[in-house]
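Let's take a friendly walk through a protein, from its inside to a pair of its helices. Have a look at the picture first, then read on.

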Amino acid sequence: MRTVFVSIAALLIAAPLAAQGWIEPAPGRPDFGVRKTRTVVSVRVIDRIAHVEVEEWFRNEGGGLGEGDYIYPLPGEAVFSNFSLFQGDEELRGETMDAREARAIYEEIVRRKKDPALIELVGHGLVRARVFPINPGDTRKITLRYTQLLERAGDALQLRYAAGGRFGMGRTEGGTTPRPMPEDVPLTFTVTAPGDVFGEPFSPTHRLRVTDTDRRLTIRPEDDLVGDFVLLLPLVRPVVGISVVAHRPVGEDGYFMLTLSPGAARGSILPRDLTAVVDVSGSMSGAKIEQVREALRQLLGSLGPNDRFRLVAFSNRVRAYRAEWTAASARERERAREWIDNLQANGGTNIEGALAEAFRTESPEDRLPIVVFLTDGLPSVGERNPERIGEQAEARRGNARVFAFGVGYDVNTYLLDRLSAAGRGTTEYVEPGEGVEDALGTLAAKIQHPILADLRIGTAPVELDEVYPRELPDLFLGEELVVFGRYRPSRRQAGELVITGSRNGRPERFGTRVRFPADEPGNDYIPRLWASRKIGELSREIRLRGHNAELEREIRETALRYGLLSEYTSYLVQEPLDNDRVALGAGLPSRPGRRMAAPAPAAPAEATGALAVAQSEEARMRREAKTSADIAVAEDEVLNRGHFGQSRHVAGRLFREIQSTWTDLRHETSQRTVRVESFSPAYFAVLQALPELEPYLKAFDRVVVAGERVSVLVGPDGDRELSERALARIVREFRGN
């Protein structure tokens, strides 16, 4: 199993590959019983060509012959070659239609079936072929093959596949309320690519399962493939690769995802000075002290021949294995293990003394100093004030990187977070009952081979802003570094992006040609990941510096704007609403940027306890989010604390169900609301004019979506027709033009 990371050297962007197809029955066949049973999608990447094969199995579960058209959606901008379509071994005569030709077909299907799951296809092209009659009980396989040329747009290969929501044409029981019903059809999706050409893959949308067999990469989503799947494949580079993927909606600054990936040359690894500082006070007795011993053994095992180490244990007093640095020879590591085996848990907790000893010895510029600090308690010996302990540690830290671990809930999250924030590291918390050695073992593997230190973004063809993380951490082998930020478009959209750093005490410079487009509607997963990073950074700042009304407002507005759950937006979901106003389409307090209806609740001031640990962990997960799945894990922390009721996130917005109407949290009580009848001519006219509504109309059968100066309510009651003038006004006010 390969570690999932990305090195970047040639960014190739594919138009989104199509979602799966289905068989549409011939007219006048209400007893149509053909159902899809399985889909297998295989993509082979060779040079700049993606060879795509889609296999789908259909079974006739009805009582009569199954006749119809096989329909396979195509993104309007996709260009295909070597197109072929088979039913079993017999080639079908298929036709392709562009988005304009296909629109009428899709709209007619949506209108007839009253199935909002299909509206995402309006605006796509299609492949259509008449399939042979399928006898009752028979299963037929349909195979679609095509090749697609991939374009260069930077330093990595970007492959997108639109799996969609995998919905069928079902209805709720009784058939009174149209809703997309899950089509429980297995989908297997596999990408293969040469492992000697490409580095480790990375996906910002899904977790991956990657294997490398005989220099052949096989990549699959770790979980069920739903929604848009984005895959980055790097070309192998010796030290570091650079990639930029951008998103820029009309009328605002752009967003970018910068990925730095270590290359294949192990000769670039920096020598380390590793200091392990562990709590051996009385509260660490029993299973915890044995876990600490095992964790220290793992850290020793991760040392290379050029590394040096120090071991520090503290309770009432502070003890060190050696006063100075020790070379990580096999003989010295064996002696250190004997010292570890004799550690016993007793006494109090002298954190100030332990940190003073950890930072006492300095390291030369050509080595990377790393301090791993672990405790399960509050300071009880020596200096006990967390503020003064933090000040003293920062004054002594020098250039050391600090990775802190808090075990259990009786730790001071303020102190641990402050140590790691200043030391370009992270703080992780080990829940009661979890293994300390597992957490430290993961860190030991991550920081084993440093490639570059003191990273900075140098020159860029455009002005970069609000970059997260604000201070770049070090780059380690096997771990991609992902950075999110904003950019201001300029006449010079393309140019060299430069990354600087240090290696073995020498300055290094790496650059590549990238593009920051003036208009890029794709890659719309980037803004939400950027917003998650921003909220995580602001949350840590509040926890370290205390309550700040301006920062809390900024968190609240960012969360609402990008559809993220946070402590500072939870009160909006619980706000009691007037039923009459809800019925008229009114919903919740003002949107971001406007005066809020109620003040945000103050975050708890406590730095210890289960809640403090949970909030610190949530902020860390947001700061480190690389994929949409990471955001979901962070938001589970908020949901588990019970701050939200019946709410859903869809396409960057939060909705709450109010009297059977899903209401956008950005909707204003005073805002004009336009009613549109579902599946009417007005419905499709609005959808064509405002395609950004598609994910919300697909997700809900009755919904209020807020624009800048008008909200759109779609449901069973509303306007069936709209004049061109009325439609133009809706578009203008919704987008704020």
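Which residues touch the most other members in the largest nonpolar core? They are Ile-23, Val-43 and Tyr-72, in a core of 40 residues. Another core lies apart from it and has 39 residues, including Ile-71 and Phe-679. A nonpolar core is a set of buried Ala, Val, Leu, Ile, Met, Phe, Trp, Tyr and Cys residues joined through side-chain atoms within 4.5 Å, and buried means under 20% relative accessible area with a 1.4 Å probe, counting protein chains only.

This is a predicted model, in which local features need pLDDT of at least 70 and side-chain atom pairs pLDDT 80 or more, while totals for chains, interfaces and linings use all residues. Residues are numbered from 1 along each chain as its sequence is written, and side-chain values use heavy atoms, without hydrogens or water.

Of the 737 residues of the protein, 56% count as buried. The protein has 16 helices and 38 strands; these are DSSP runs, numbered from the N terminus (helices: H or I, at least four residues; strands: E, at least two).

Now for the pair of helices. Here are the residues that meet, with contact meaning heavy atoms within 4.5 Å:

| Helix | Residues | Residues in the contact |
|---|---|---|
| Helix 2 | 287-301 | Arg-293, Leu-296, Arg-297, Leu-300, Gly-301 |
| Helix 3 | 330-341 | Arg-333, Ala-336, Arg-337, Ile-340, Asp-341 |

Helix 2 and helix 3 pack at an angle of about 170°, with their axes 10 Å apart. They are therefore roughly antiparallel to each other (angles over 145 degrees count as such).

Key: Axes fitted to C-alpha atoms, helices over the stretch in contact; angles between N-to-C directions. Parallel < 35°, antiparallel > 145°, perpendicular 65-115°, else oblique. Buried < 20%, exposed > 50% of the residue type's maximum accessible area, 1.4 Å probe, protein only.
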